[in-house]
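Let us take a friendly walk through this structure, one stop at a time. Please keep the sequence and the 3D view at hand as you read.

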Amino acid sequence: MALEGLGKSLRNVLGRIGSASSVDDELIKDICKDLQRALLEADVNVRLVLDVTNKVKDRALNEPPAAGRGMKDHVTRIIYEELVALVNNGEGIALKPQTIMMVGLYGQGKTTTTGKLALYFSKKGLSVGLIGADVYRPAALDQLKQLGEKVGVEVYGEPGQTDAAKIVKDGLAHFKDKKIVIIDTSGRHALEDDLIDEIKRIAEVAKPDERLLVLDSQVGQQAGPQAEAFHKAVGVTGVILTKMDGTAKGGGAISAISKTNARIVFLGTGEHIRDLEAFDAKKFISRLLGMGDLSSLVEIASEEIDDQEAMEAVSRAIMTGKFNLNDMYYQMAAVGKMGTLQKLMGMLPGMSGMEDKIDYEASQRKMQVFRTIMDSMTAQEKEDPSIIKAKRIERIAAGAGVTPHDVRELLKQYNTTKKTMTSFGKDRKMRKQMMKQMAGVDLDSLKDLQGSG
Ligand SMILES: Nc1nc2c(ncn2[C@@H]2O[C@H](COP(=O)(O)OP(=O)(O)OP(=O)(O)O)[C@@H](O)[C@H]2O)c(=O)[nH]1
Ligand SMILES: [Mg+2]
């Protein structure tokens, strides 16, 4: 996952708050410095970084915590809110009839994402037509046609035509009955005048409702000037960050949004046609921060965990064999909210019947205790609870105001759950099928798993 580095350093910042004996002005200033470093390392533009950290500092030092909320929770929540504000610039793409134009430099993922969007809108029940207006690269139309075929969407193109605006004009007439028309345009290595002229002319002909800038998340600080130039030419309304499955630092892309004043609308998370996620700032930041770490944000987390996400968390644990305390906490929150894990358990071969053994109320009560205990642990301990030795158990218990028995119980439950989770992953056939399902995981697709398992 991209932004792994950023996520890790942000989680360390929160970990510092969690393990501090008390939150005073000194700590807040220190934390803000750490936060600054984390964002700068991820390539976020300096001005933005200072903006965010000054806001955090100002609020943390001056705003009193809400009634019943401790200082740790308060500061954690402020950081979360300010990070959400950093990437949040408005609503997603509306599900209404519209024309969408894709722009971006060479190889950023325009054509691939055009195909992904076609699937996205078709799945929502809207008819889609695609226009291939890349007259620059000979194979571009074929590439788009292949994608169209995959998702059952018609592609309009005029092989040999060199006037992109004319193709668009004809294509729009051809697709006058389609609800959604998406225009794929050509890219270049650099921002040359003729590229800018071409997309300007296309925009004049098509008058697209959305002008989406497709941006490779690996692009660093150059993302800013790129975004600015496209914005000047056509008025960018939204940004799609692609290749989020890579190892990008991501901060450059985040900085780019502030140059266009547009919002991030989708994330590309792989080469497959299904690898597209509607962007949700709160979910994105919650995930980056590692839900479970954010004990103060449990309410937010459980509001926002949907079926899909809980499933993904479970699948991820099964697939990778990696499962830490935060994951368990996150999953418990999901179970408490909607019995998602129960559904999943019921569908996995060998696990049906297991759902009856889950006591949801008891699990809710336990969560309260676990939350307090986890607050007294360091980030490392949550990452790898096996490093917690007897002496630390006593300390953690004392810090959390519970008995050592409670701490041991948390660790025991963690070990059992981990064993269950990772034992699936050892079954090769199972793993392969899981892998296949993961991109577009939904309840129906998981039913197939049961049938063949
Ligand atoms: N891993 C990964 N690869 C992606 C993603 N999106 C696109 N790609 C890959 O990036 C490469 C370029 O994608 P295209 O869609 O052809 O990019 P483009 O912007 O249309 O390129 P030009 O038309 O040449 O300007 C292809 O190999 C895609 O498979 C993504 O989200 N993740
Ligand atoms: Mg292309």
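In which loop is Ser217 found? Ser217 sits in the loop between strand 5 (210–216) and helix 9 (223–234). Helices (H or I, at least four residues) and strands (E, at least two) are DSSP runs, numbered from the N terminus.

Before we go on, a word about the model. It is predicted, with local features needing pLDDT of at least 70 and side-chain atom pairs counting only at pLDDT 80 or more, while totals for chains, interfaces and linings use all residues. Residues are numbered from 1 along each chain as its sequence is written, chains are lettered from A and ligands numbered from 1 in the order in which they are written, and side-chain values use heavy atoms, leaving out hydrogens and water.

Back to Ser217. With a relative accessible area of 1%, Ser217 is buried; buried means under 20% relative accessible area, exposed over 50%, and partly exposed in between (1.4 Å probe, protein chains only). Its side chain reaches the backbone oxygen of Lys243 at 3.1 Å. That is a polar contact, a pair of N or O atoms within 3.5 Å; within protein, one must be able to donate a hydrogen and the other to accept it, and residues adjacent in sequence count only if both atoms are side-chain atoms. Leaving aside residues up to four places away in sequence, Ser217 touches Thr242, Lys243, Met244, Ala248, Gly250 and Ala253, where contact means heavy atoms within 4.5 Å.

Now step back to the whole chain. It has 21 helices and 8 strands, and 53% of its 453 residues count as buried. Among contacts between residues at least 6 apart in sequence, 75% join residues at least 24 apart. The chain exposes about 21,000 Å², and carbon and sulfur atoms supply 49% of that area; accessible areas come from the Shrake-Rupley method with a 1.4 Å probe, and for residues only the protein chains shown count as cover.

Next, look at strand 2 (residues 128–133). Why is strand 2 largely enclosed by the rest of the structure? It is because 6 of its 6 residues are buried. Side chains in a regular strand alternate between the two faces of the sheet. In strand 2, Val128, Leu130 and Gly132 are buried on one side, and Gly129, Ile131 and Ala133 are buried on the other.

Strand 2 has partners, too. Two strands pair if DSSP finds at least two bridges between them. Strand 2 pairs with strand 4 (residues 180–185) in the parallel sense over 6 bridges, and Val128 stands opposite Ile180. Strand 2 also runs parallel to strand 3 (residues 154–156), joined by 3 bridges, with Gly129 opposite Glu154.

Follow strand 4 onward and you find 6 of its 6 residues buried. Ile180, Ile182 and Asp184 lie on one covered face, and Val181, Ile183 and Thr185 on the other. Strand 4 also pairs in the parallel sense with strand 1 (residues 98–103), over 4 bridges, and here Ile100 stands opposite Ile182.

In helix 11 (residues 281–289), 7 of the 9 residues are buried, so the helix is largely enclosed by the rest of the structure. The buried residues include Phe284, Ile285, Leu288 and Leu289, and also Lys283. At the start of helix 11, a side-chain oxygen of Asp280 comes within 3.0 Å of the backbone nitrogen of Lys282. Phe370 and Asp406 are 36 residues apart in sequence and 8.3 Å apart in space, C-alpha to C-alpha.

Our last stop is ligand 1. Which residues come nearest to ligand 1? Of the 19 residues around it, they are Gly109, Lys110, Thr111, Thr112 and Asp245; a residue is near a molecule or strand if one of its heavy atoms lies within 4 Å of it. An oxygen atom of ligand 1 is 2.5 Å from an N or O atom in the side chain of Thr112, and a backbone N or O atom of Gln108 lies 3.2 Å from an oxygen atom of the ligand. The protein covers 82% of the 650 Å² of accessible area that ligand 1 has on its own. Helix 5 (residues 110–123) gives the largest share of the shell, 4 residues.
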